[in-house]
Amino acid sequence: ILLLNGKRQVFVEVPQENFNAIIPMKQNISKLLHEQAKSKSTVVPNPPYMRWVNLYGEEICERNTHNTIPKGGGDLNGDDVAQPPATVKYIHDPKRAPVEVLRPFNNVHGAGFIREHLKGVPPCPGSVGLHNLGNSCFLNSIVQCLNHIEPLTHYFIKGLYRNDLNENNPLGSGGRVAIAYASLLNDMWCGEYSILAPRTLKTTVALFAPQFNNVYQHDSQEFCSFLMDGLHEDLNRVKVKPYVEDLDGNGMNDDEIAIETWRKHLLRHDSVVVDHCQGMHRSHLTCPKCNHESLKFDVYSTISLPITKTKGGGPILLSSCLKEFTTAEQLDMENAWYCPKCEDHVCAKKHITLWSTPDILILHLKRFTFDACHRTKGNVVRSKVEDRVNFPVDGLDLSDFIIGPIDEDSPPIYNLFGVSEHSGTTANSGHYTATVRNSRDGKWYRYNDSNVGITSGDVAITGGAYVLFYQRSRGSSKWGSMENMMKEKQIDPYNAISVDQDGFTQVKSKKKKKKNSP
């Protein structure tokens, strides 16, 4: 590959056109350039397989477009000569396959070129554009946000993930998704590229999630959940997962239920994602017929918030969405709960409250609705709520929403660092962008695929804000304060159930109650 005068075009040989060549492929390129530079007329490329190609992979340039003849210049014989090309060498990890700057689609020249990495200096390390690989803006938007989760990115950049790779986890990808993600992060932070093509990550994810193995648009929140789950399973420190039953906390206090639920969770799930990105909420169900209650604690990675409508079209506050999320509701028959006492599905009363929040808090605004069509049975009408939700850029205080213990050294006060945005009518159409605060320089950048520009956090507060990414503003609370809670109570978090080397749990027999003597 020859790059002339630092321009973004390359002079390449296209082997697919070798069959039409008159001149042998092995020839002196400098001599060819010299002969064409002396010509006054427009020369048709000969051989045709030697072309100027734009690095973006879209345009074919005529010869000598970027290899101009200097005024008054020439060789020792007085003839005008074009400037000789400069050879460019691409530096990469020897263990990694070399980057292909241009590659024909389906090995057919002229059918369109595939975009690859572009060398350049980004506005700040970590603020690199991402090529759209065919409706892949949903991926680009999420990757730009996840890229600035400081503890997670540090974990990958420093290579700490290698010690946790779980190649035998049947629920993971054998470590491939984690490796592809780590490779992309290294390229985003090396400072050598202005635009990257996240092709390896996209194709690797598609191998294990066929729904992404196409060029269709996808829901960025669904992709975020899948990618986070995939990274978790690839890096799960639990090599053998025991069977663990759900805990029904009737008759137990909240502290006991929370601790036992989290200890059971750690028996099957223990990774860097669990450490920083997972919390728990308390779910309370009441049967309307017999008043039987069910109390459970559930682990979450994302909180999906309803968008509350206000009277008179007033501003919608994020705090109002949180209040709606934590307000008791009556389930409908489509979401009916099975009451073990009545032995029937009932429209139970459900009340969810937040027990703990992780260091990295992901909030999903439920903008897309799926309603039954009244005119045609079986059809679904999709619509989007485009009302603007006002959310704080700094100082989101969740103290009033958390019923679990709060650590004074790491209070539940959060600063925004990323927003995945959507424009369009449905989640599977339209376009996704991102507004992200760079964790290095603290400045806000707007990402529209390969385009990167400086902006401010307030710009993201629009009707298109879809997924919000917050980070705890002060301190760190592993497992959303559960680690500190168990330390205070002197409870071993990893000693919930005894497991043998084959993965079987040891179950203690229940003691029989003594019968009262007559």
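What share of the contacts in the chain with a separation of 6 or more comes from residues 24 or more positions apart? In this predicted model, such residues account for 68% of those contacts. The chain has 518 residues, and 45% of them count as buried. Its secondary structure comprises 10 helices and 26 strands.

The largest nonpolar core holds 53 residues. Within this core, Leu146, Phe156, Leu227 and Phe469 touch the most other members. Helix 4 supplies the largest share of the core, with 9 residues.

Helix 4 spans residues 176-189, and helix 5 spans residues 199-208. Packing of two helices is described by the angle between their axes and the distance between the axes. For helix 4 and helix 5, the angle is about 165 degrees and the axes are 9 Å apart. Helix 4 is therefore roughly antiparallel to helix 5, since angles over 145 degrees count as roughly antiparallel. The crossing of the two helices is left-handed. On the side of helix 4, the contact is made by Arg176, Val177, Ala180, Tyr181 and Leu184. Helix 5 contributes Thr200, Leu201, Thr204, Val205 and Phe208. By class, 7 of the residues in this contact are nonpolar, 2 are polar and 1 is charged.

Leu227 links these two parts of the description. It is among the residues of the largest nonpolar core that touch the most other members. Neighbours within four places in sequence aside, Leu227 is in contact with Leu146, Val177, Tyr181, Leu201 and Val205. Of these, Val177 and Tyr181 belong to the helix 4 side of the helix contact, and Leu201 and Val205 to the helix 5 side. Leu146, in turn, is another of the core residues that touch the most other members.

Backbone geometry was also examined at two residues. Asn291 is not a glycine, yet its phi is positive, at about 65 degrees. Asn291 sits in the loop between strand 9 (279-286) and strand 10 (293-300). Its relative accessibility is 57%, so Asn291 counts as exposed. Gln490 likewise has a positive phi in a residue other than glycine, near 55 degrees. Gln490 lies in the segment after helix 10 (482-488). With a relative accessibility of 74%, Gln490 counts as exposed.

Methods. Residues numbered from 1 in each chain as written. Predicted model: local features only at pLDDT ≥ 70, side-chain atom pairs only at ≥ 80, totals over all residues. Heavy atoms only, no water. Axes fitted to C-alpha atoms, helices over the stretch in contact; angles between N-to-C directions. Helix = DSSP H or I, 4+ residues; strand = E, 2+ residues; numbered from the N terminus. Parallel < 35°, antiparallel > 145°, perpendicular 65-115°, else oblique. Left-handed = near helix turned anticlockwise from the far one by under 90°. Contact = heavy atoms within 4.5 Å. Nonpolar A, V, L, I, M, F, W, Y, C, P; charged D, E, K, R; others polar. Core = buried A, V, L, I, M, F, W, Y, C linked by side-chain atoms within 4.5 Å. Buried < 20%, exposed > 50% of the residue type's maximum accessible area, 1.4 Å probe, protein only.
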